[in-house]
Amino acid sequence: MSNTNKLAVNFCGVDFKNPLIPASGAFGYGREFEHFYPLSTLGGISVKGTTGTKRNGNLPPRIAETPSGMLNSVGLQNPGVDHFIKIELPNLKTKDTVIIANIAGSTADEYREIAEKLDKTDVDMIEVNISCPNVKAGGAAFGVTCEGAASITKIVRAATSKPVMMKLSPNVTNIAEIAKAVEAEGADAVSLINTLLGMRIDIKTRRPILHNNVGGLSGPAVFPVAVRMVWQVANAVNIPVCGMGGISRWEDVVEMMMAGAKTIQIGAALFANPMAPVEIIEGLEKYVSDNNLNSLQDIVGTVKPW
Amino acid sequence: MKYTQGKYLILSKKTLAKEIYDLTILCPDVAAAAKPGQFVNVKADGFMLRRPISICSIDKNKGTLRIIFEVRGEGTKAMSQLAEGSMIDIVAPLGGRGFKLEQYETAVIIGGGIGNPPMLAVAEKFGANGTVISGFRNAAAVILQDDFKATGAETILCTDDGSAGRKGFVTDALKEVLETKKPDIIYACGPDVMLRRIIEIAKANGIKCQVSLEERMGCGVGACLVCACRTIRNGDEYYAHVCKDGPVFNAEEVLFDE
C-alpha cells in the first residue's frame with residue numbers, strides 16, 4: 001500500500017484521496033491553479049461561494065495585509081448557481097477530485113433554491129456558508145445564533161440528499177453550541193473556522209483600508225483560534241469536522257487533525273505559496289512513513305489535554 | 001496566460017533614484033512567455049502576500065526580465081534587501097491582458113512616476129514610431145530617460161515642479177503633441193487621476209487608448225477576486241479583476257470613482 005493511500009479518508013460517506021481541500025474563495029473554480037499542479041493532486045476542492053444569482057461583490061479595496069494574516073471583503077462576488085452548474089461543474093468533474101459546492105444565501109429561500117438545484121447535479125458535497133462576514137443580509141447573520149444556524153441546516157437538509165457540511169462562524173460566544181444545533185438538524189459534517197471579523201485603518205487618511213470598513217481575518221494569525229475551536233467542536237459533536245484557519249504547513253495539518261479534524265482546508269497560504277498543497281501532501285506522506293502509521297486518520301483527535 | 005512559480009537568479013541590482021530599485025532576473029521560461037504590460041508577483045520575505053511588480057523590459061534572447069519597484073511600505077522594503085546574485089521567488093508572468101501592440105504603428109506612450117517602467121517594454125516595440133511622455137514629481141524622482149531615448153522614440157520629460165524637463169503634467173504635454181500628431185493609440189500607466197484625464201483627452205480626439213491599472217492583490221492569478229476594479233462589460237457595470245482581466249484595460253471599459 002502506497003503512502004498516498006495512507007492519507008485517504010472517508011468523510012461523511014465521500015472518499016477523499018487525502019485530507020487536503022483548498023478553501024472556498026481562495027481557489028476560484030481551480031482553473032488558475034492548474035498552471036502549478038494537476039487538480040487530481042488534491043483531496044477535494046471547495047469552490048467559490050455560490051449564490052442564487054450573480055453578485056458583483058464589494059467595492060475595492062477588498063484586501064489588507066495584517067501581521068501574519070490578511071483581511072478580505074470580497075463580498076461573495078460570483079456568477080451564480082446556474083452558471084456554476086452549467087460551466088464550472090462539468091469542467092471540475094473531469095479533474096478526479098472531490099467537488100464540494102459552497103453555497104450562500106441572503107434569505108432562507110435562497111439557500112433552499114440553490115440546494116435544490118445542486119441536488120440534481122453530480123456535485124459530491126454541499127458546504128453551507130452561514131458565516132460570511134462580508135455581506136449585509138444573510139451570511140453571518142444566520143451563523144451567529146443556534147436558531148439561525150439550525151434553521152438553515154434544516155432547510156438545506158430537506159432540499160438535498162447530498163452530504164451537507166455547515167461552515168461555522170468563529171464570531172460567536174460558544175461555537176460548540178452552534179455545532180450541536182446544526183448536528184441536531186441533520187448536518188453530516190461541520191467545517192470551521194470561517195474568517196474572524198477585523199478592521200484596519202490608514203492612519204494618514206483616517207479611512208479603513210477596506211472599502212467595506214470591516215472584513216474577514218485569515219492566515220497564520222488565526223491558526224491558534226482555529227485549533228482551539230476545532231478541538232471544542234470535535235469534543236461536542238459526533239459528526240466529522242473539517243478544520244481550517246491559518247494552515248500553511250504540513251505540521252499545521254497534523255496539529256489540526258490532532259485537535260479533531262478529519263479533513264482540512266487551506267486558504268490564505270495559497271496566495272504567497274500556490275505550491276503549498278503539494279508541499280503539504282509530501283510532508284504528510286513523510287510524516288506517516290516516519291511514524292509508521294497505517295493511516296493518517298489514526299492521529300485524529302489524539303491530542304492529550306492536560 | 002501561462003505562468004509558473006520559481007526562484008530565479010538576480011543578475012543585477014541597481015538603485016535608480018531614492019528608494020527605486022532596478023532588478024534584472026535570469027528566468028528564460030518566464031521571459032519566453034512574458035508580454036509587455038504583464039507583471040510578476042514577488043515573494044517578500046516574512047510577508048503574507050506577494051507584491052505585484054510590472055515588467056519593465058523583456059529580453060527573450062538573454063532570457064531576462066527587468067523589474068523596477070519603489071519602496072512603498074514594509075514589504076517592498078524587504079524586497080529591496082534582495083542582493084545581486086541571490087534568488088528571487090516569483091509567480092510570473094501574470095496578467096491576462098497586457099498592452100495590445102500588434103495592430104498599431106504609431107503610439108504616444110505615457111508614464112507617471114512609478115508607472116513609467118512598464119512603458120519601456122511598449123516603447124521598445126514602437127521605436128521611432130513612438131512618442132514617450134514621462135512625468136515625475138521632481139528631478140530626483142526621474143528614471144529611465146536614457147532607456148526611453150535608446151528606443152529611438154521622441155521623449156518628453158515633465159516634472160510637477162519644473163526641476164527637470166518641462167514644468168507641468170503629462171496631460172499638458174499630451175495635448176500639445178496631439179496638435180501636430182494623430183497616433184494610432186495612446187498607452188498609459190500611472191495614478192488614477194492622470195489616467196482619467198488621459199482617457200478624456202483620448203476620447204475628445206477620437207484616439208484609441210489602453211491603460212494599465214493597479215489595485216491591492218491577493219493571489220495574483222484570478223482566484224481570490226480581491227483586486228476588483230469597476231468596468232463596463234456588455235453594457236453593465238462589472239467588477240473586473242486587475243490581475244486576470246487586466247492589468248491593461250481599454251479606456252472605454254474603465255470606470256473611475258466620482
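Trainee: In which hand does α5(A) pass α6(A), right or left?
Mentor: The crossing of those two, α5(A) and α6(A), is right-handed. Keep in mind that this is a predicted model.

Trainee: OK. At what angle do α5 and α6 of chain A pack, and how far apart are their axes?
Mentor: Helix α5 covers residues 146–159 of chain A and helix α6 covers residues 175–184 of chain A; they pack at an angle of about 30°, with the axes 8 Å apart. That angle makes α5(A) roughly parallel to α6(A).

Trainee: And which residues make the contact between α5(A) and α6(A)?
Mentor: From α5(A) you have C146(A), A149(A), A150(A) and T153(A). The α6(A) side brings E177(A), I178(A), A181(A) and V182(A). Sorted by class, the contact of α5(A) with α6(A) has 6 nonpolar, 1 polar and 1 charged residues.

Trainee: What about α8 and α10 in chain A, at what angle do they cross?
Mentor: Roughly 65° for helix α8 (residues 250–259) and helix α10 (residues 276–290) of chain A, and their axes come within 8 Å.

Trainee: Switching to chain B: how are α5(B) and α6(B) placed relative to each other, roughly parallel or roughly antiparallel?
Mentor: Helix α5 (residues 170–180) and helix α6 (residues 192–204) of chain B cross at roughly 15°, their axes coming within 10 Å. The two helices, α5(B) and α6(B), are therefore roughly parallel to each other. Their crossing is right-handed.

Trainee: Who touches whom in that pair?
Mentor: V170(B), T171(B), L174(B), K175(B) and L178(B) in α5(B) meet M194(B), R197(B), I198(B) and I201(B) in α6(B). By class, the contact of α5(B) with α6(B) counts 6 nonpolar, 1 polar and 2 charged residues.

Trainee: Last topic, the interface. How much area is buried between chain A and chain B?
Mentor: About 2600 Å², and carbon and sulfur atoms give 61% of that. Chain A puts 33 residues into the contact and chain B puts in 30 residues.

Trainee: How many salt bridges go across the interface of chain A and chain B?
Mentor: The rule finds 2 salt bridges there. R51(B) forms a salt bridge with E65(A), and the closest N and O atoms are 2.5 Å apart.

How values were computed: Residues numbered from 1 in each chain as written. Chains lettered and ligands numbered in written order. Predicted model: local features only at pLDDT ≥ 70, side-chain atom pairs only at ≥ 80, totals over all residues. Heavy atoms only, no water. Axes fitted to C-alpha atoms, helices over the stretch in contact; angles between N-to-C directions. Helix = DSSP H or I, 4+ residues; strand = E, 2+ residues; numbered from the N terminus. Parallel < 35°, antiparallel > 145°, perpendicular 65-115°, else oblique. Left-handed = near helix turned anticlockwise from the far one by under 90°. Contact = heavy atoms within 4.5 Å. Nonpolar A, V, L, I, M, F, W, Y, C, P; charged D, E, K, R; others polar. Buried area = accessible area lost by both parts, 1.4 Å probe. Salt bridge = Lys/Arg side-chain N within 4 Å of Asp/Glu carboxyl O.
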